[in-house]
Amino acid sequence: MTIQTTDVLVIGAGPAGTVAASIVNKAGYKVRIVEKMKFPRFVIGESLLPRCMEALEEAGFLEAVKEKKFQEKGGAKFVKNGKICDYQFADQFTKGWSWTWQVPRAEFDKTLADTVEKMGVPIDYESTVTAIEFNGSDSLTTVTDKNGNKSQIKARFIIDGSGYGRVIPKLFNMDKPSNLPPRKALFTHTVDLRRALSDEPNRITIVVHQHAVWIWIIPFSNGVTSLGFVGDPSFFANYSGSPEEQLRNLIAAEPYLKERFKDVEFLFEPRVLESWSSTTDRFFGEGFVLTGNVTEFLDPVFSSGVTLATVSSQIAGKLVVEKLNGRQIDWENEYMKTMMQGVDTFRSYVMAWYEGTLDTIFFADDQDAQIKSQICSVLAGYVWDLDNPYVKNHKTGLHRLASMISYRDSLLSNAPKP
Ligand SMILES: Cc1cc2nc3c(=O)[nH]c(=O)nc-3n(C[C@H](O)[C@H](O)[C@H](O)COP(=O)(O)OP(=O)(O)OC[C@H]3O[C@@H](n4cnc5c(N)ncnc54)[C@H](O)[C@@H]3O)c2cc1C
């Protein structure tokens with residue numbers, strides 16, 4: 001069996017893997033990526049957040065992505081029963097990026113992968129990591145290619161960015177159930193010829209369909225729009241037939257969609273994803289670190305996935321470089337705690353969304369501009385800014401605010417009419 005040697009082996013060529021690989025490669029270390037699929041490959045997760053632009057910039061990917069002319073995204077728009085809640089990232093509390101992109105991930109991920117390859121990082125496509133042995137100071141990874149041929153890679157350090165593959169947690173029994181209930185999504189890409197029927201045709205929109213069931217509408221710059229329903233699996237049990245029939249019936253049942261998406265062409269048979277939330281005991285170990293979805297994936301609702309993937313790789317990539325330079329890294333405090341700060345902030349928002357707490361806040365009349373700008377920063381992915389009270393007090397702040405709004409509204413509705 002052939003054995004290759006590298007300083008750092010990265011598993012997976014998604015956004016987590018390529019950002020980490022680029023940062024380590026820039027520091028002068030030898031990096032190699034092993035990727036199970038052939039690119040371009042489909043993956044869901046098309047709405048980015050402004051915070052991920054900082055990670056893409058540090059990885060040296062921004063110019064290549066700009067050239068693709070993806071649809072720009074300047075805010076988050078929520079719709080419920082005809083009422084609109086509009087967050088503009090330019091108004092956010094935290095200093096940072098005020099825009100990002102809506103991207104077909106096959107093309108976006110291929111752009112990142114091609115760019116990192118041009119920087120000098122080899123990518124072995126259609127090669128699957130099937131076993132890893134950690135030997136104290138280094139590791140030996142077994143890779144199986146599409147023809148079943150096995151080879152090995154000796155590495156001083158491994159960055160696992162294998163996303164839903166969860167390579168190291170699965171090989172070493174580190175998986176842990178998530179504390180979020182299982183949810184399901186049904187989605188496709190549509191040829192959106194009637195986009196102009198919408199008041200803001202190219203804007204990403206989240207529609208509340210009914211309590212705890214929501215829809216994403218993500219228009220791309222190529223005329224295609226990603227459309228998906230998300231909710232409790234029991235909600236979908238009300239719709240029978242093939243995935244296409246189910247999605248067409250769901251579209252017909254939602255006033256916000258039915259005209260624009262009536263008889264629209266689906267580019268692929270609608271796909272189902274279910275019970276995606278997962279986590280793991282720890283995000284690091286002797287000789288490895290986990291980044292991106294392998295660490296913890298919560299829920300699609302606030303588009304946190306790619307941002308957490310790229311930011312975790314931005315932080316971990318730099319720590320790996322320092323480790324190779326000889327510094328003792330306190331992974332618990334310097335990496336895992338930092339990441340959990342961001343993950344837990346999003347977790348509070350995801351839970352408040354499904355409970356309905358955020359409906360009360362998003363669709364309230366006369367919203368306080370300062371509070372709105374602070375919540376806007378969370379929606380832009382700036383979940384590490386502890387000067388923002390809606391980050392610092394994420395566990396209690398939303399409930400307190402929703403209670404105040406409900407109390408104010410009840411006083412107003414009981415006030416004597418003139
Ligand atoms: C329904 C749904 C909607 C979503 N919507 C959004 C959204 O709008 N915005 C957002 O930011 N996120 C969204 N996400 C989350 C998003 O999909 C992920 O967070 C994101 O893709 C994570 O990137 P990653 O690089 O960690 O993993 P991935 O993009 O999954 O990349 C991991 C790579 O590792 C490779 N791999 C796996 N196993 C192996 C192996 N054994 N050997 C070698 N390679 C391997 C895979 O082939 C893959 O290419 C959504 C998720 C779901 C379920």
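A polar contact is a pair of N or O atoms within 3.5 Å; within protein, one must be able to donate a hydrogen and the other to accept it, and residues adjacent in sequence count only if both atoms are side-chain atoms. This model is predicted, so local features need pLDDT of at least 70, side-chain atom pairs count only at pLDDT 80 or more, and totals for chains, interfaces and linings use all residues. Residues are numbered from 1 along each chain as its sequence is written, and side-chain values use heavy atoms, without hydrogens and water.

**The ligand**

- A ligand oxygen lies 3.3 Å from a polar backbone atom of serine 303.
- The protein covers 96% of the 1,000 Å² of accessible area that the ligand has on its own (Shrake-Rupley method, 1.4 Å probe).
- An oxygen of the ligand is 2.9 Å from a polar backbone atom of alanine 16.
- For tyrosine 164, an N or O atom of the side chain is 2.9 Å from a ligand oxygen.
- The ligand is surrounded by 37 residues (a heavy atom within 4 Å).
- The closest are Glu35, Ile44, Ser47, Asn293 and Val306.
- Helix H1 (15-26), strand E8 (127-134) and H9 each supply at least two shell residues (helices are DSSP runs of H or I, at least four residues; strands are E, at least two; both are numbered from the N terminus).

**Two packed helices**

- Helix H9 (residues 305-324) and helix H10 (residues 331-355) pack at about 175 degrees, with axes 11 Å apart (axes are lines fitted to C-alpha atoms over the stretch in contact; angles run from 0 to 180 degrees between N-to-C directions).
- H9 and H10 are therefore roughly antiparallel (over 145 degrees; under 35 is roughly parallel, 65 to 115 roughly perpendicular, the rest oblique).

**Backbone features**

- Most residues other than glycine have a negative phi, and most peptide bonds are trans.
- The peptide bond from phenylalanine 39 to proline 40 is cis, with omega near 0 degrees.
- Proline 40 sits in the loop between strand E2 (31-34) and helix H2 (51-59).
- Asparagine 173 is not a glycine, yet has a positive phi of about 50 degrees.
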